[in-house]
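Good morning, and thank you for joining this meeting. Please take a moment to look at the sequence and the structure on the screen.

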Amino acid sequence: MRRKKSEFLALIMLLLIGVVGIVAVTVPGLADRDSPPGEEAPVATTPLPPPPPPPGYHPEEFTLVKYVEEEGTEGIPDTGLDPSALEEESRALLETFTEKFGERTAPRYFGLAGITPPEDTKIGAYLFRVLPTGETIQYIGLCGRGCQDYSRVIARADEWKETLLIPRTDGTLTMGSNPQPIATVTMDCEYTRMGYGEDYGYARTTSTFSWDCEENDRFNDYFFVRTMVVVDPGIHRSSGGVFHNHVFEISHDWMHCDSPGSGPLPYACLSDYGPGLIAGPAEREISLMPRATGSQGTPLSWWTCAVPDGNVWDDSHPSDELAKWDLTFEYDAVDARTNFTFDPGSTATCLQSSTRDGRAYSVCRVEMDCRQGWSYDGFLFFDKTGPENAGPLGYTLSARWVGDHEVQER
């Protein structure tokens with residue numbers, strides 16, 4: 001009798017050990033964000049390899065390429081490509097992909113960037129593709145209203161295709177990622193035509209929009225945007241004069257909504273952003289923490305951001321869910337006279353049960369204001385900054401959840 005009792009107790013202990021072992025396993029990639037402050041989270045397991053491509057996927061079927069020279073009609077004023085038509089076709093391609101492959105991919109957010117060029121510009125080149133994972137990648141090439149020669153715009157679009165679109169397509173299947181990319185968009189413009197009144201430099205903004213698919217929070221979702229800005233004053237401009245990088249404003253607005261058929265991100269909360277106020281020249285390590293209520297938070301990403309010989313002014317308004325940076329350059333500094341790259345980022349949380357309802361939402365509006373972007377040191381009263389009438393380069397990143405989910409009640 002005693003022997004049977006001891007064997008029974010041993011069996012119970014083995015079962016308890018097995019249960020504890022199962023509980024200790026976490027979602028791959030990130031520590032448990034629900035752990036109370038001061039307690040160590042369980043060790044994360046090794047991330048799973050990326051899934052194979054959906055059977056029957058062909059990149060050409062989900063690619064849109066438009067150059068203005070292909071759209072021009074003799075006798076009709078040149079206004080560039082139609083942004084509304086481009087966005088409509090892009091959304092149709094993404095919808096076709098989700099209908100065909102949505103059930104074969106893991107539940108996730110699908111999205112893209114809305115096309116809203118400044119009024120004083122026109123689109124000379126546009127490229128869009130849905131990658132095998134459902135991530136979208138797109139390029140918007142702009143020039144001033146007075147532009148008559150699109151050769152530079154098209155050349156930059158071709159360069160983007162060779163250096164980013166093709167490698168990203170080929171590397172999607174082997175690229176490990178956390179957070180999960182939703183969309184990558186590039187918008188650029190060369191301010192060298194009479195539509196701006198003067199001959200200025202060149203600006204490009206590229207944003208990577210991601211969702212943290214490996215967190216272990218049952219109630220919140222975490223979105224992340226990193227924007228890389230490249231500015232070039234153009235050394236040989238207007239009648240031999242020299243322009244310098246001057247002042248640029250970059251912003252992430254997590255409450256903005258302008259995408260057709262979508263609403264603002266429900267219960268959006270700016271969680272973290274970087275860099276903050278800092279004088280340059282310097283380099284700042286950025287590590288964004290998507291903290292939710294009662295959660296320690298786990299860094300989404302790390303990178304080094306360059307600060308010019310000047311300042312980065314923190315003009316953010318967290319109460320309005322707005323991250324904003326004013327980038328200023330010292331006039332005689334090397335950074336002001338050459339091309340310069342600056343890449344800030346921000347992250348926000350939202351209520352998972354509201355956002356995963358299958359509807360489209362405007363998640364974040366990204367803008368870069370170049371109205372005082374370049375300065376020209378003339379004689380006496382002929383100093384100039386501008387282009388003063390140029391609207392900001394911007395786009396709204398939107399997303400829609402595809403897949404079933406269990407709504408968690410607090």
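A word on the source comes before that. This is a predicted model, in which local features need pLDDT of at least 70 and side-chain atom pairs count only at pLDDT 80 or more, while totals for chains, interfaces and linings use all residues. Residues are numbered from 1 along each chain as its sequence is written, and side-chain values use heavy atoms, with hydrogens and water left out.

Let me begin with the whole protein. The protein has six helices and 22 strands; these are DSSP runs numbered from the N terminus, helices being H or I with at least four residues and strands being E with at least two. Of the 410 residues, 49% are buried. Here buried means under 20% relative accessible area, exposed means over 50%, and partly exposed lies in between, with a 1.4 Å probe and protein chains only. As for contacts, meaning heavy atoms within 4.5 Å, those with a separation of 6 or more are 72% accounted for by residues 24 or more positions apart.

I turn now to strand β5, residues 180–190. Is this strand enclosed or open to the outside? Eleven of its eleven residues are buried, so β5 is largely enclosed by the rest of the structure. On one hand, strand β4, residues 136–144, runs parallel to β5 and is joined to it by eight bridges. On the other, ten bridges join β5 to strand β6, residues 202–211, and these two run antiparallel. Two strands count as paired if DSSP finds at least two bridges between them. Thr184 of β5 can be followed into both pairings: Ile137 stands opposite Thr184, and Thr184 stands opposite Thr208 in β6.

Three bridges join β8 to β20, residues 374–376, and Phe243 has Tyr376 as its bridge partner in β20.

The next topic is charge. Side chains of opposite charge can pair when their charged atoms come close. Across the whole structure, a search finds 16 salt bridges, each being a side-chain nitrogen of Lys or Arg within 4 Å of a carboxyl oxygen of Asp or Glu. One of them joins the side chains of Arg168 and Glu135, at 2.3 Å from N to O. Arg168 lies in helix α4 (residues 151–171) and Glu135 in the loop between β3 (121–130) and β4, so this pair ties together parts that are 33 residues apart in sequence. Arg168 counts as buried at 18% relative accessibility, and Glu135 counts as buried at 1%.

Asp357 and Arg359 form another salt bridge, at 2.8 Å from N to O. Asp357 is partly exposed, at 34%, whereas Arg359 is exposed, at 55%. There is also a network of salt bridges linking Arg152, Arg156, Asp188, Glu190 and Arg204.

Let us look next at Asp221, in strand β7, residues 220–232. Asp221 is buried, with a relative accessible area of 0%. Which side chains make polar contacts with that of Asp221? One is the side chain of Gln352, at 3.3 Å, and another is that of Arg356, at 2.8 Å. A polar contact is a pair of N or O atoms within 3.5 Å; within protein, one must be able to donate a hydrogen and the other to accept it, and residues adjacent in sequence count only if both atoms are side-chain atoms. Leaving aside neighbours within four places in sequence, the residues in contact with Asp221 include Tyr109, Trp211 and Cys350.

That brings me to the cysteines. How many disulfides does a search of the whole structure find? The search finds zero, a disulfide being a pair of cysteine sulfur atoms within 2.5 Å. The sulfur of Cys189 is 6.9 Å from the closest cysteine sulfur, in Cys143, which is too far for a bond. Cys189 counts as buried at 0% relative accessibility, and Cys350 is buried at 1%.

Thank you for your attention.
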